[in-house]
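The report that follows accompanies the sequence and the structure shown here. It takes the chains one after another and then turns to an interface.

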Amino acid sequence: MKAFCHREGLLAACQLASAAIPSRDVKPILKNIKAIADQGRCTLMATDLELGIRLDVLGLTIQEPGEAILPAQRLLAILREAQENDLNLEADSSSCVVRGQGMEFEMPSDDPSHFPDIPTFNEDKYHEIAGSTLREMIRRTVFATADESTRYSMTGVLWELDGDTIKLVATDGRRLALAQGTAKAHGDHTTRGQTPVVPTKAMQLLERNLQDDGQTIRVCLRPNEVLFRTELAVIYSRLVEGRFPDYRAVFPKKQGIKVTLPVGPFQAAVRQAAIMTDDDSKRVTFSFGNDRLTLLAQGQTAGRSKVEMPVTYDGKKVDINFNPSFLIEMLRVLPPDAELTLDLIDGATPALFRSGSNYSYLVMPLT
Amino acid sequence: MARQTPSLPADPAPAEGYTVLARRYRPQRFAELVGQHAVAQALENAIKSDRVAHAYLFTGPRGVGKTSTARILAKCLNCEQGPTIQPCGVCASCKAITAGEDVDVFEMDAASNRGIDEARHLRSNVQYRPSRGRYKIYIIDEVHMLTREAFNALLKTLEEPPPHVKFILATTDAQKVPITILSRCQRFDFAGLTLPQIVGRLQDIVASEGREADPQALDLIARRAGGGMRDAQSLLDQLLSFGTEKLTAEQVYTLLGSAADDWVAELATAILAHNPAQALEALAELAGRGVQMSELVDQLLNYWRDLMVLNCAGEQVSDLNLPPHFRTTMHQQARAIPLDTILAGLDLLSSTRLRLVRSNHGRLLVEMALIRLARLEDLLPLTQLTQWVRQSGVAAGPPGAASPAPPPPKLGGLPAVEGVKKNGLMPPETGKNGHATRRLDEESLTDVWGQVLAQVGKFFAAQLEKAGLPAISRPNSLVLRFPVDYNQDRDYCSAPERVSKVEETLRKVTGEGWNFRVESSGVAISPSQVMNQPTAAAVREAEAVRTRRLKEEVEKEPIIKRAIELLGAQIVRIEEGFTLPEADATKRNESAEEA
Amino acid sequence: MSWQRVRGHDALITSFQRVASRGRLAHAYLFVGPSGIGKRLFALELAKALLCEGQHDQFEGCDHCPGCALLEAGTHPDFLLMQKPPEDMEFRIALMREILDRIYLKPARGRGKVAILDDADDLNDEAANAFLKTLEEPPPGSLLVLLGTSTDRQLPTIVSRCQVVRFAPLSETLVDKVLAEQGIDDPTQRQRLAALSEGCPGTALALSDPALWEFRRDLIRCLATQPLQGVEFSRKWMEFLEEAGKESKLQRRRAALCLQLLVSLLQDALRCSVGSTPRVASAEETEVLVAVVHRIGTDPLLRLIERTLQADEQVERYLQLVLILEALMDALTQGLEPAHR
């Protein structure tokens, strides 16, 4: 293939693509970017065999169509260091040459047919969501996925897309985050009957690629993979095997006492109380009663803490124990001036925290 | 509930692709367990009377149903229709547990979760209430492999069990579970499954799969499984997958890489006939057919074990490894060799089998073992062992030549343990003389003559010594030449009965027949020559020194050293041509005192 | 078509095709057999057969479709071949996690997944145990293939979760053919290599290095000399090893091959001593061996073989090569002296 490129356009595209390049030891070809130049367009692809990115290069004129493997690391370096704005790119299965005013670089290349392609987004069935909404939803859920691989189905985020609702659920068996939002369905796209789980890594990549600029993104969930189309790129990821736990069954059936907690002060209180917890037994007792919430912690070696904060509470006295990290992680992703509603039943039932109508967070109590 | 034949689990519709037999036929209810009626009964009673313990410990060999039972119990406890002794199998909980994917049932293999992180994980997670079910159930397999920290974490929870938690611990090695844990669990011992039990279930499965199998094939499979159902089913699965419509014993052999029984018998016969060359040929043939060395050695071990049993218990003994039509031949073979030799063969095969595990030279090890086995002479007493120890390597003679009669003592590298175990008692006569024999040639002349002199009597020896050393005039012909001045002694020594005595002693010492004659050298002897001849006294002194040294050497021999250390063995007698003449009681007392 | 690359295991190929046509492909296999016999190649072709995207009914790879191409290149997203890195002594859990992480993703090309775990002998306990649950019940459509030398060297809990497939040695004729294809032109040499390798083409090729055979000639010459010039030979031997390269790994590999040659000579001597025929040694070499046998007899020969096997173990355990060789040559010198009191 042969093409005229704008340095900045190519640089931006390569940088974006290389987010999918694996850092671990892999076959050399996967450390590189595949380029397909065809019909006036140049597409770049990178993958680590689990997820991938595919995007078009802007400001590029194709002189000769074709496919080639571009050595990512070196090419990025060239694009960063070169001063020229216009570059000439020529590549085939044995070498890749970059030419500009007063400079010429040649690098060995590879056979493009050895590169596993990333599918394009040609879907007519998908959901469309506002980028900012999705980004917020991911932020509020992805921290709750399981990081240990004892139960693989929880090492990602569950997606539910049906009609005009989108739900993201993440859990590690001890706490569960559920975020909801609005979406627009196209062509009967739905996840009903399936439980697609997108790996944490892919969720994080997606989050990084979403801007707050009013753009929408398209999501298509297929039996084995998910495709996201943002303004600039298509992000592809394989789904996780296994059955995601039935999260609905986990929510308590009955209503409890409702307590309103302001996020900022509550977070501060929890953080304070948590100072006196050990790594071994991270536990803080939340004592509700008499218009007051008392947080108590007693570490085995650290000492003890007692923090109080006023709340409107006139129900019976309830003591419930939580791992403070689970609360802090959740509180961190909410705006400090927001309000949480805590649905409290007793010290033995999971506690449900809600923020607005779009976010629920369930935490299992410790005994 | 009356004891019933366990029913076959209904074959659930397979997921995409093929699911192995072991998974499809895994018992899903108590009634489907094989061979664990007592346990099933006890658990059912516990459930019915709402007396399910906080913690159970299932012990027993691999593949007998511990994990299956644990899962069944979990289903019973958490079934939406429960707690019940008949879990419904269709509710979300039952299905999830069956698939091994339930949120509230944690299956852990302690061998893979030993670290301190897992210990902390265990302790902190146990506090969370179950997400969906009635109970949070921990099934910990191979629990004896937990690290100390993990054990302590477990212990704390077992001491103050949260009401919503049940532990089901399983282990193949109850000995290694600390008493602190044992005492807090209700223990159930799972029996190893019997051959008929396993064969029975295999038959049911074969029928359910719409196939046929030779009973012998199923028998072979069950034997291989060693009492574990999962291994048996796995093997059956493979055979049904790879094999033809009807499963035959032949297919089982091929899959396992073992040799057909006929071949094993042929190999064994060659070995027992002391024919290493033929044994090697048979081995080459088998190796070419893909027989695995470890398998073959296992089969030889079985054969030798059968020989041992036949030797001790006679032809009518019941459980032999080989099919009945080999019995007569094997019995004959077993009778023809001493038990000790069979045992030595077993030792050799066992150690070879152990070495095969880590070796890259399997074929070579087996060849060496076959050669050693084929050369294993009937077991010799300790005396010959020590003689062998002192000699380092006697030439075997040219390859392929007829073996010299009789061959020098060889033990193929193994010490004769029996001589020591019996605390120095004489092992039974082996048909040859009971002494270690020594070949008489130029090199050994002095030694051998010394021994002869020590056995023919003091006075006679003194006379013989005056002639100095005899000479080997011809093969098996010894001549003693007296110098001119010693005619009187010469006459004395050449008396027929004395010549016979010497010849007899020679036979005893060398194991061969030798001719002895006395002659006159026709020359006078010089004083210096006299000086240089070994005197009787010197020879005897040498003998005593040798006895002492021999005893020291014998005591140093590792087997004997251990016998002395461990069993308090005492060297009572060292027979070896050191037997002093009957008349010489003092010398005997001396050596007895030394012992 | 693509099964053709696999030599000498036709019965197994037929078996697997039968298995596939019955829809009874298991999810976990343990391939055992001596190294160099073709297990990995077989496993790769099995993966190809499973993941092939070509339009045909047979259970085999077509070598034309993109799936087969990616597999050959090692970049098929649904295929993973994991080997122990040569500088490591064990197959560690980090590698195992990679396998598990990948196996728990849905198939990218929709035909299932294959993971081949080579060097299964070297799995340390931690890695092996982390694998157990997955081995027992892997995600649907997965195939796990472990490659090892014998079932003895695996944890019983691993063996019980796999179907064991035993690879038999190739016939000497077939090894001969393979060697001819690999450019070994001398028929006598091919026969000797075939006999030496005991049916493993990989081993035969490794032993085909002409430098090794020169070493073997020197070795025989050394054995024929009485008394043995042990010290001098061990020095020459060490030089020969150093020629293999500066890295210890290369020297050790050559040492192992040399020892294999020595063992084979002693093995042939042993055969002579019991009236059997030698398998590798030529007629004149046999004369030397027979002379040795005359001199010392069967039992000392057995001891010398044991001593040489010991040296082989020492090489594996990373003892100092110089010391191993010196000690071995010393033992040989003593052991080959004529039998004496």
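## Terms and basis

Two strands are taken as paired if DSSP finds at least two bridges between them, and the strands themselves are DSSP runs numbered from the N terminus. The model is predicted.

In chain A, strand β12 (residues 165–171) and strand β13 (residues 175–182) run antiparallel and are joined by seven bridges. The hairpin that β12(A) and β13(A) form has three residues between the strands, and in this hairpin A:Gly173 takes a positive phi near 95 degrees. Across the pair, A:Ala179 in β13(A) is the residue opposite A:Leu168.

Strand β13(A) is also joined to strand β26 (residues 359–363) of chain A, through five bridges and in the antiparallel sense. A:Ala179 takes part here too, with A:Tyr359 in β26(A) as its bridge partner.

## Chain A: the nine-stranded sheet

Chain A also has an open sheet of nine strands with antiparallel pairing, in the order β6-β2-β3-β4-β18-β17-β16-β10-β14. Its edge strands are β6 (66–70) and β14 (184–186) of chain A, each of which pairs on one side only. On average, and with direction ignored, neighbouring strands of this sheet are turned by 20 degrees against each other.

Within this order, strand β4 (residues 51–56) of chain A and strand β18 (residues 233–238) of chain A run antiparallel and are joined by five bridges; at one position of this pairing, the bridge partner of A:Arg54 in β18(A) is A:Val234. Helix α3 (residues 131–141) of chain A packs on the sheet, where it touches β10 (126–130) and β16 (216–221) of chain A, and the direction of the helix makes about 90 degrees with that of β10(A).

## Chain B: a parallel sheet

Chain B has an open sheet of five strands, which pair in the parallel sense and follow the order β2-β3-β4-β1-β5. Strands β2 (105–109) and β5 (186–189) of chain B stand at the edges with a single partner strand each, so one side of each is left without a neighbour in the sheet. From one strand to the next, the twist averages 15 degrees.

Strand β3 (residues 136–141) of chain B pairs with strand β4 (residues 165–171) of chain B over five bridges in the parallel sense, and in this pairing B:Tyr138 has B:Phe167 of β4(B) as its bridge partner.

## Chain C: overall architecture

The secondary structure of chain C comes to 15 helices and five strands. Chain C is divided into domain 1 (2–166) and domain 2 (209–335), and the centres of these two domains, taken over C-alpha atoms, are separated by 38 Å.

Along the principal axes, the C-alpha atoms of chain C fill a box of roughly 70 × 40 × 35 Å. Of its 341 residues, 49% count as buried. Among the contacts in chain C between residues at least 6 apart in sequence, 71% join residues at least 24 apart.

## The interface between chains B and C

How many residues of chain C are in contact with chain B? There are 50 of them, and they are in contact with 48 residues of chain B. On the side of chain C that touches chain B, the elements giving two or more residues are α1 (10–21), α5 (125–136), β5 (163–166), α12 (248–273), α13 (283–296) and α14 (298–316) of chain C. By class, this side of chain C has 21 nonpolar, 17 polar and twelve charged residues.

Key
Residues numbered from 1 in each chain as written. Chains lettered and ligands numbered in written order. Predicted model: local features only at pLDDT ≥ 70, side-chain atom pairs only at ≥ 80, totals over all residues. Domains from an automatic or database assignment. Helix = DSSP H or I, 4+ residues; strand = E, 2+ residues; numbered from the N terminus. Contact = placed C-beta atoms within 7 Å. Nonpolar A, V, L, I, M, F, W, Y, C, P; charged D, E, K, R; others polar. Axes fitted to C-alpha atoms, helices over the stretch in contact; angles between N-to-C directions. Buried ≥ 20, exposed ≤ 12 C-beta atoms within 10 Å, placed from the backbone.
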